[in-house]
Amino acid sequence: MNPSYLYHAFGVRHHECTKTEFKGNQNIHYIQTRKDKLRCPECNSRHVIRSGCIFRDIRCVPVGHRETILRIKVQRLECKECGCVRQEKLHFVTGKRCYTNKFARYVVDLSRIGTIKDVAQFLNLSWDTVKDIQKRYLQRHYSNPDLSTLEYIGIDEFAVRKGHVYKTIVVNLQNGQVVYVGNGKGADALDKFWKKVCKAKARIKAVATDLSAAFISSVMENAPDAALVFDHFHVVKLMNDTLDKLRRLAYNQEADLMKRKVLKGTRWLLLCNGEDIYDSYHKNRLENALEMNAPLMKGYYLKEALREIWMQVDKEQAEKVLCDWGRQAKDSKVPLLIKFANTLMAHRSGILAWYDYHISTAKLEGINNKIKTMKRQAYGYRDEKFFELKILAMHEKKYAFTG
Ligand SMILES: [Zn+2]
């Protein structure tokens, strides 16, 4: 076989092919290093003598839709220069792997159009081999994202398995790239991230988070100059949770069966944006439910008014609206609403910081959804490190492996 064919097809240089066999669905090429190319693996000297050999079977890219194997005669060499006795080095294979580097690249390319299972089946490999090839590729390219230019970040957590195992992710809000994946959801989950930020000498200007005390203290401690911006949607969600609690309370306290029926099933109507309810049937239903219960009505109108905080022309106006909102909530005398107002007032500066930096964790919601899809595709990702790497590589559309 032509040596340049060996090079261009399989990435093999300095070798010659002595024999080719065709067995079943396999092409087997017997190859060995050309005599004039034998070198000491230690000092690269040509003064070596051969002392024994072994054979290694290495997978390489298929030819003619057939599995193709290089059966390599690997020489044991004794060096006259440095005295070492070693096996010759194969530059087209890494370590003890049973496939060429070019084959690994081929697997990576196929992984862009098929799931791990598809690729494994297509090439007659094990699922783990394909996964390991992907993993090493991701490790090399994505395990250490550049943090030096990081300025605006969003922090959020998501459940890996229902309820218990959490991961915390940090996203660069300027380009949507996940720059860090940490274990757990407390402040500890971010420790390694801050170390990396410090090492990269990044100057973080603003951080968007939910109202989690752990994240807040972690940011204040590690990035004291950064502005904390409490995410708009998380604040609204907290209000919605409060309203839902009020609804359940009203339902449970209502003795009249007919009235209970009216309250039942109004959750969606209560929580959705009031302006989005157009038809009179739903409007009436909502009004009937609200008329029956004063705390619920107060809560509903406060929820509708909450949005105003983010709709003002400037921070000063917004602060007025916020304080006014807090007063109204306290005047309502409804304990759940008072409690929420206190939370809101305690986080006032972070809520209003939105007027200085228009950032939110909305991007992270999208990322969380993508992660969910990814988990479903690949048997829940038993290999955690691999799962993390996939999340770090997610922003690169063309490298987004399926499965
Ligand atoms: Zn040597």
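A salt bridge here is a side-chain nitrogen of Lys or Arg within 4 Å of a carboxyl oxygen of Asp or Glu. With that in hand, welcome to a short tour of the structure above. This is a predicted model, in which local features need pLDDT of at least 70 and side-chain atom pairs count only at pLDDT 80 or more, while totals for chains, interfaces and linings use all residues. Residues are numbered from 1 along each chain as its sequence is written, and side-chain values use heavy atoms, with hydrogens and water left out.

**Domains**

Let us begin with the overall layout. The protein is divided into domain 1 (3-99), domain 2 (152-231 + 359-380) and domain 3 (232-355), with bounds that come from an automatic or database domain assignment. Taken over C-alpha atoms, the centres of domain 1 and domain 3 are 73 Å apart.

**Salt bridges**

Searching the whole structure gives 21 salt bridges. Three of them are set out here.

| Pair | N to O distance |
|---|---|
| E21 and K19 | 3.5 Å |
| E384 and K167 | 2.9 Å |
| R327 and D324 | 3.7 Å |

In the salt bridge between E21 and K19, E21 counts as buried because its relative accessibility is 18%.

The salt bridge between E384 and K167 has its closest N and O atoms 2.9 Å apart. E384 belongs to helix α16 (residues 384-392) and K167 to strand β7 (residues 166-172), so this pair ties together parts that are 217 residues apart in sequence. Helices (H or I, at least four residues) and strands (E, at least two) are DSSP runs, numbered from the N terminus. K167 is buried, with a relative accessibility of 2%, whereas E384 is partly exposed at 39%.

R327 and D324 also meet through their side chains in a salt bridge. Both sit in helix α12 (residues 315-331), 3 residues apart, so about one helical turn separates them. D324 is partly exposed, at 35% relative accessibility. Elsewhere, a network of salt bridges links K131, D132, K135 and D383.

**A positive patch and its helix**

On the surface, K192, K195, K196 and K199 gather in a patch of positive charge. A patch of this kind is made of residues with over 30% relative accessible area and no salt bridge, with like charges joined within 9 Å; Lys and Arg count as positive, and the place of a Lys charge is taken as NZ. K199 is found in helix α5 (residues 191-200) and is exposed, at 75% relative accessibility.

The loop between α5 and β9 (206-209) holds K201. This residue has a positive phi of about 55° although it is not a glycine, and K201 is exposed, with a relative accessible area of 70%.

**Two more places to look**

N44 is another residue other than glycine with a positive phi, near 65°. The loop between β2 (26-33) and β3 (48-63) is where N44 lies, and its relative accessible area of 54% makes it exposed.

S111, by contrast, is buried at 0% relative accessibility. S111 is in helix α2 (residues 101-111).

Notes. Patches are made of residues with over 30% relative accessible area and no salt bridge: like charges are joined within 9 Å, nonpolar side chains (Val, Leu, Ile, Met, Phe, Trp, Tyr) within 5 Å. Accessible areas come from the Shrake-Rupley method with a 1.4 Å probe; for residues, only the protein chains shown count as cover. Buried means under 20% relative accessible area, exposed over 50%, partly exposed in between (1.4 Å probe, protein chains only).
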